[in-house]
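This report looks at how two protein chains are built and how they meet. Please keep the sequence and the model in view while reading.

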Amino acid sequence: MLQNEIIEKIRSGGQAELGVIYEEHRKEFLQWISKEYHCSSDDGKDIYQLTILIFYDNIRQGKLEHLVSSVKTYLFGIGKNIALENMRKEKRYTPINQETWLNEYVADESGQGTDDSFFEFAKKALVKLGQPCQQLIELFYYEKKSIAEIASSMHYKNGETAKNQKCKCMARLRKLFEIEMTKPQNVVNHGY
Amino acid sequence: MATENDILLVEKYFDDELTAVEKEQVMQRVAMDVQFKTLFDQEKVLIRAIRHQGLRENLTFLKTLESNIDQQTPASRSFKWYYLAAALAGTLAIVTFLVNRPDDPQQLFQSYFKPYPNVFEPTVRGTEATTPRAEAFQAYEQGDYAKAAEQLEALYVQHPEPEVLMLLGNTNLMLGHITEAENNFITLNHEYDGLDVPAQWYLSLCYLKRGEVQHARTLLKKIEGTENSYASKAKELLEKLN
């Protein structure tokens, strides 16, 4: 399969494609990363999983449209950056904490203006939102699916219905977020 | 208090439905209007949480895939065994991706199984788990399913609560312990109230994982007839199974 066909397949597909890519380069990546950075097998796997997540996310977000190198070279480049960034932060080699990494990854892109405690309230609100709203807004904001694609995959009558539903779900999420923020134990002196 | 128009404007901004000029106007208001900035930041943090959730689900998926690869013994990694396993429609998720059939029960299981979120006692970042219950829930949230299984099992013996059983069932499913998961969801469905439909949903996924499509169908039809949020997913899955 051509490199750019892989990108198209991931863009239009889902977790199955993510799994295929994961398996395809796993062995070579793990051998390389343990040799290059002297990390354990488990640490190497942790870095590889994050590498695949970034690759997938870059395609979904439209940051990666065409590959000028092979998928393997691209993945090794991401892996190297993750390992080096982790070493830079920790000043020495330390196993990567995937949970912290994920929090920082989404924090970096949203820039200034958001606060960790608000992020925690937002996560709680999201959990309380329930299905199918959670799935719908995840498809829209994370998977970057179009409204037409969402309407088709979630069996809405048409795009307009899906769009209305998405707006209602976001309105509900805002309300749940406000409830979280105004809970007595969560009320602090903040800007919201 | 934010006006409906402002909410709509902010939503359009983040949904990329504004022109460059309109976006610039929004940024100017963010800089000058404190209330509007609050609304803007709130939307940003909500989208951040949505993206975090999506990334986390995919990470869990990759971890499951990895643990399935890990479960293969060195001998079983040989070429011959690998394809024999595929031919036997084995339970490994890896096979799911090699067998490219859209309605394959294994593949459907992989697409539809998402661990039940810990809505019961979500872990708060920065705080340490101090009780066995909090530790077990934290292990579950962090995707450390081997540890979660051990702790949730012990917890259930001492405190037989439905939420513990729900997470234990999901943990067993994640670990590929289908019989244990099945028993957990059957107990949850029969002996407790409140989590019946989710329990039936996960039980149907256990059947799917085993390839017992007829059993899965029967349960999914039952869920489809409810007004629960799982009804639409059950309907969708049924259509794919038919």
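A residue is called buried when its relative accessible area is under 20%, exposed when that area is over 50%, and partly exposed in between. E57(B), with a relative accessibility of 16%, therefore counts as buried. The model discussed here is a predicted one.

## The build of chain B

Of its 242 residues, 53% count as buried. When contacts in chain B with a separation of 6 or more are taken together, residues 24 or more positions apart account for 50% of them.

Residues up to four places away in sequence aside, Y156(B) touches E161(B), V164(B), L165(B), T187(B) and Y192(B). The C-alpha atoms of Y156(B) and L168(B), which are 12 residues apart along the chain, are separated by 8.6 Å.

In soluble globular proteins, nonpolar side chains tend to be buried together. In this model the largest nonpolar core has 71 residues, and those with the most contacts inside it are F55(A), I137(A), L173(A) and F177(A). The element that gives the most to this core is helix α3 of chain B, residues 34-70, with 11 residues. A second, separate core has 48 residues, including L173(B), L208(B), A216(B) and L238(B).

Which residues are in contact with L173(A), once its neighbours within four places in sequence are left aside? They are A125(A), L126(A), L129(A) and I137(A), together with L46(B) and I50(B) of chain B.

## Where the two chains meet

The size of an interface is often given as the accessible area lost when the parts come together. Chain A and chain B bury about 5,400 Å² between them, and 59% of this is on carbon and sulfur atoms. The contact takes 62 residues from chain A and 48 residues from chain B.

Between the two chains there are 13 residue pairs in polar contact, counting pairs in which both residues are at pLDDT 80 or more. On the side of chain A that touches chain B, the elements that give two or more residues are α2 (15-37), α3 (41-60), α5 (98-110), α6 (116-129), α7 (133-141) and α9 (159-182) of chain A. The residues of that side divide into 28 nonpolar, 16 polar and 18 charged.

Q53(B), whose place is in helix α3 of chain B, is buried, with a relative accessible area of 16%. Apart from its neighbours within four places in sequence, Q53(B) is in contact with L126(A), Q134(A) and E138(A).

## Salt bridges between the chains

Side chains of opposite charge can pair when their charged atoms come close. Over all chains the structure holds 26 salt bridges, and 11 are found across the interface of chain A and chain B. In one of these pairings, R26(A) forms a salt bridge with E66(B), where the closest N and O atoms are 2.7 Å apart.

K163(A) forms a salt bridge with E17(B), and here the closest N and O atoms are 2.5 Å apart. This pair crosses between chains, from helix α9 of chain A, which holds K163(A), to the loop between α1 (4-14) and α2 (20-32) of chain B, which holds E17(B). K163(A) counts as partly exposed at 21% relative accessibility, and E17(B) also counts as partly exposed, at 39%.

## Salt bridges within chain B

K114(B) forms a salt bridge with E57(B), the closest N and O atoms being 3.2 Å apart. Because K114(B) lies in the loop between α6 (105-112) and α7 (132-141) of chain B and E57(B) lies in helix α3 of chain B, the pair ties together parts that are 57 residues apart in sequence. K114(B) is partly exposed, with a relative accessible area of 31%, whereas E57(B) is buried at 16%.

The side chains of R133(B) and E161(B) also meet in a salt bridge, at 2.6 Å from N to O. This pair links distant parts of the chain, since R133(B) is in helix α7 of chain B and E161(B) is in the loop between α8 (145-158) and α9 (162-174) of chain B, 28 residues apart. E161(B) is partly exposed, with a relative accessible area of 26%.

Note on methods:
Residues numbered from 1 in each chain as written. Chains lettered and ligands numbered in written order. Predicted model: local features only at pLDDT ≥ 70, side-chain atom pairs only at ≥ 80, totals over all residues. Heavy atoms only, no water. Core = buried A, V, L, I, M, F, W, Y, C linked by side-chain atoms within 4.5 Å. Buried < 20%, exposed > 50% of the residue type's maximum accessible area, 1.4 Å probe, protein only. Helix = DSSP H or I, 4+ residues; strand = E, 2+ residues; numbered from the N terminus. Contact = heavy atoms within 4.5 Å. Buried area = accessible area lost by both parts, 1.4 Å probe. Salt bridge = Lys/Arg side-chain N within 4 Å of Asp/Glu carboxyl O. Polar contact = N/O pair within 3.5 Å; in protein donor to acceptor, adjacent residues only side chain to side chain. Nonpolar A, V, L, I, M, F, W, Y, C, P; charged D, E, K, R; others polar.
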